[in-house]
Amino acid sequence: MATAGSSPFLSTPSVRSTHANSGRYRCLSLHRPTAISTGHKSSPATVTMQDGRLLDSGEKKRKEANELISNIYSNPDEIPAEEGKALKDYLEDCKALMIESKAGPPRWFTPLECGSLTSDSPLLLFLPGIDGMGLGLIKNHRKLGKIFDIWCFHIPVTDKTSFSDLVKLVERTVRSECKRSPNRPIYIVGESVGACIALDVAARNPDVDLVLILANPATSFSRSQLQPLTPLLQLMPSQLLTYLPYVMNLASGDHLRMVLENAVKGHMPHQTVGELTQDMVAMSSYLSVLADILPGETLAWKLQMLKSASASANSHLHAVTAQALLLCSGKDQLFPSQEEAQRLYRTLPRCEIRTFEESGHFLFLEDDFDLVTTIKGAGFYRHGKNLDYVSDYMPPTPYEFKKIYESHRLVLAITSPVMLSTLEDGKVVRGLAGIPSEGPVLFVGYHMLLGFELAPLVLQFMMERNIILRGIAHPMMFNRLKEGKMLDLASFDSYRLMGAVPVSGPNFYKLLSSKSHALLYPGGVREALHRKGEAYKLFWPEQSEFVRMASRFGATIVPFGVVGEDDIGELVFDYNDQMQIPSLRTTDANGEVSNQDVHLPGVIPKLPGRFYYHFGKPIETEGRREELRNREKSQELYLHVKSEVEKCIAYLKEKREEDPYRNVLPRLLYQATHGFTAQIPTFEI
């Protein structure tokens with residue numbers, strides 16, 4: 001065993017290990033890294049300092065207090081990329097791991113760089129693909145280690161444990177850990193053949209709370225380009241076996257994919273071999289490592305194991321009830337992963353898909369892939385039996401926020417949002433100085449056509465005030481449709497990352513009880529998908545439930561209005577028009593938010609105008625709980641809030657007529673002369 005510090009995996013003074021045959025092989029450092037993220041899983045939605053609270057003695061003190069708040073999201077352009085290892089590190093660490101374990105049975109290990117952030121972090125078991133090293137998550141180790149307790153499965157190069165025995169080894173660990181922490185989910189991240197192991201373990205243990213993350217599963221082996229490779233290996237010269245791992249997508253490129261296609265067809269013309277040899281020169285420093293990871297004999301064995309793994313997993317799919325997230329690559333040259341993901345989606349009852357169009361088979365080693373972001377965005381991160389959208393929520397890291405910001409940069413540039421807020425003395429100011437820092441706060445407002453206002457609203461709150469708005473959203477953003485119908489839930493991942501929760505009484509209760517800043521649209525889908533001629537009209541229900549819930553926790557209600565949808569597009573094909581087409585007719589919906597008909601209206605873009613937001617004077621409910629239990633009193637406040645929203649809308653519609661920069665052309669001219677980061681003026685307040 002290497003001495004402490006010589007290996008990135010094991011530390012002699014603190015290693016506790018038993019043989020895999022006993023069902024639990026662990027090589028874990030008891031000394032976790034001390035440098036951890038400052039983010040907290042269960043922290044309130046806002047990050048404030050005691051001295052940074054908004055003060056009551058005027059705008060000057062209010063501004064000074066805001067400056068004391070440490071805002072990690074204030075300048076997205078200056079947020080650095082997250083640190084992570086590269087393919088080079090993967091190969092170097094593979095060398096170190098092979099030195100540590102030249103032979104012996106399969107075993108679990110935890111890289112020293114992984115340190116669990118909290119004691120209740122879920123267990124994550126990583127099952128490697130055909131390489132067997134267990135280092136496939138190396139680029140994600142640090143980030144994963146902040147929210148998971150990570151165990152990686154290592155299969156020594158010379159080990160020939162059968163697939164069925166590998167399943168039993170993993171199953172033994174799963175059952176042992178389930179017994180130790182019965183209320184904690186166990187995540188199994190499986191790549192290729194590792195995904196087959198995960199499926200078999202899940203099928204054999206339906207009583208265990210498992211979350212499967214499956215990357216390019218080898219369940220499609222019978223239809224893959226690898227199957228013809230098995231007999232080819234018997235005819236292939238030993239010199240070419242050295243190059244085979246490189247061809248098998250450990251490095252990417254269209255040229256190499258062409259080479260693989262020729263190889264699996266049994267054609268190795270002189271020209272192809274020559275081109276392959278030239279490519280090998282560029283990777284000469286890594287060829288020996290690749291050859292050591294998958295020598296010819298080992299590769300032949302593992303290809304045979306792939307065949308049995310695929311057959312076994314497919315025969316047990318009907319018994320899999322675990323929650324599953326399928327990650328498929330668009331340019332996987334080994335397996336038809338996209339086609340297979342659709343097949344598995346139709347078979348597995350609790351399954352979702354995320355597709356990465358530009359990635360190859362070894363998805364976890366891709367530079368732009370982030371497993372933590374993917375898990376969080378899909379809504380798959382939880383600590384208990386069921387996902388709690390409030391307590392399980394983890395705010396986006398600065399770099400995750402930067403990526404979301406960049407994806408909406410064009411929208412922000414085109415709409416150039418103007419945000420106004422109201423101070424306690426009734427004065428309207430530009431910016432969000434009038435927004436309370438301390439929760440609970442309930443924002444109640446108008447939902448623009450197609451929710452166009454959401455991205456600028458949420459992003460600006462984070463950049464200017466370090467406040468995460470927990471939007472109460474339609475269930476379609478979170479739930480798989482019945483009867484196996486496909487809904488692209490991936491398109492809502494950024495909303496879930498930014499804190500959206502499905503509409504429900506319990507979720508509303510939890511948001512306010514945790515002192516969050518909640519965003520509520522009483523008009524819901526009906527308002528966001530309004531008909532022609534209904535712009536800026538409120539479609540609120542008759543009930544005043546949110547008032548009584550807000551008063552129960554003493555929440556501050558902030559009414560707001562937003563205008564600008566009519567300046568960016570014209571609604572030409574609405575719900576009524578669609579109902580004239582028989583194939584588009586749907587059953588009329590009953591109820592309110594969650595039962596409203598969802599459709600996609602036709603909108604013709606216009607030369608972009610500008611978005612305007614006005615947040616009215618905050619309305620306090622603290623100390624009014626008994627008063628607002630009275631239905632008449634609560635209804636009175638409800639109508640007052642609705643009236644304030646309508647006033648905000650009317651104010652903006654009137655004042656925008658005075659804005660010389662309402663049209664995009666004057667704004668572009670202003671930025672050309674003052675710089676593209678300059679704040680564009682608006683009407684006088």
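The charged end of Arg526 sits over the ring of Phe539, 4.0 Å from its centre. By that I mean that NZ of Lys or CZ of Arg is within 6 Å of the ring centre and within 35 degrees of the ring normal. Arg470 is placed likewise over the ring of Tyr393, its charged end 4.0 Å from the ring centre.

Before I continue, a word on the source. This is a predicted model, in which local features need pLDDT of at least 70 and side-chain atom pairs count only at pLDDT 80 or more, while totals for chains, interfaces and linings use all residues. Residues are numbered from 1 along each chain as its sequence is written, and side-chain values use heavy atoms, with hydrogens and water left out.

Let me turn to the aromatic pairs. Rings of Phe, Tyr and Trp (its six-membered ring) pair if their centres lie within 6.5 Å; planes under 30 degrees apart count as stacked, over 60 as edge-to-face and the rest as tilted. By this rule there are 22 aromatic pairs. One of them is edge-to-face and joins Phe126 and Phe364, at 6.1 Å centre to centre and with 70 degrees between the planes. Phe126 belongs to strand S3 (residues 123-127) and Phe364 to the loop between strand S8 (351-356) and helix H13 (371-377), so the pair ties together parts that are 238 residues apart in sequence. Helices (H or I, at least four residues) and strands (E, at least two) are DSSP runs, numbered from the N terminus. Both Phe126 and Phe364 are buried, where buried means under 20% relative accessible area, exposed over 50% and partly exposed in between (1.4 Å probe, protein chains only).

The pair of Tyr389 and Phe478 is also edge-to-face, because the ring centres are 5.3 Å apart and the planes stand at 80 degrees. Tyr389 lies in the loop between H13 and helix H14 (398-407), and Phe478 in the loop between strand S12 (469-473) and helix H17 (493-497), so parts 89 residues apart in sequence are tied together. Is Tyr389 buried or partly exposed? Its relative accessible area is 21%, so Tyr389 is partly exposed. Phe478, at 7% relative accessibility, counts as buried. Elsewhere, ring pairs link Phe443, Phe461, Tyr521, Phe560 and Phe615 into a cluster.

The loop between H13 and H14 also holds Asp392. With a relative accessible area of 8%, Asp392 is buried. Neighbours within four places in sequence aside, Asp392 is in contact (heavy atoms within 4.5 Å) with Tyr381, Arg382, His383, Asn386 and Leu387.

Next, the nonpolar cores. A nonpolar core is a set of buried Ala, Val, Leu, Ile, Met, Phe, Trp, Tyr and Cys residues joined through side-chain atoms within 4.5 Å. The largest has 95 residues, of which Ile188, Leu210, Leu212, Ile213 and Leu371 touch the most other members. Helix H5 (residues 193-204) supplies the largest share of this core, nine residues. Apart from it lies another core of 68 residues, among them Leu512, Ile568, Ile619 and Leu628.

Asn630 caps its N-terminal end, with a side-chain oxygen 2.9 Å from the backbone nitrogen of Glu632. The buried residues of H23 include Leu637, Val641, Val645, Ile649 and Leu652. An α-helix has 3.6 residues a turn, so residues three or four places apart point the same way.

Notes: A polar contact is a pair of N or O atoms within 3.5 Å; within protein, one must be able to donate a hydrogen and the other to accept it, and residues adjacent in sequence count only if both atoms are side-chain atoms.
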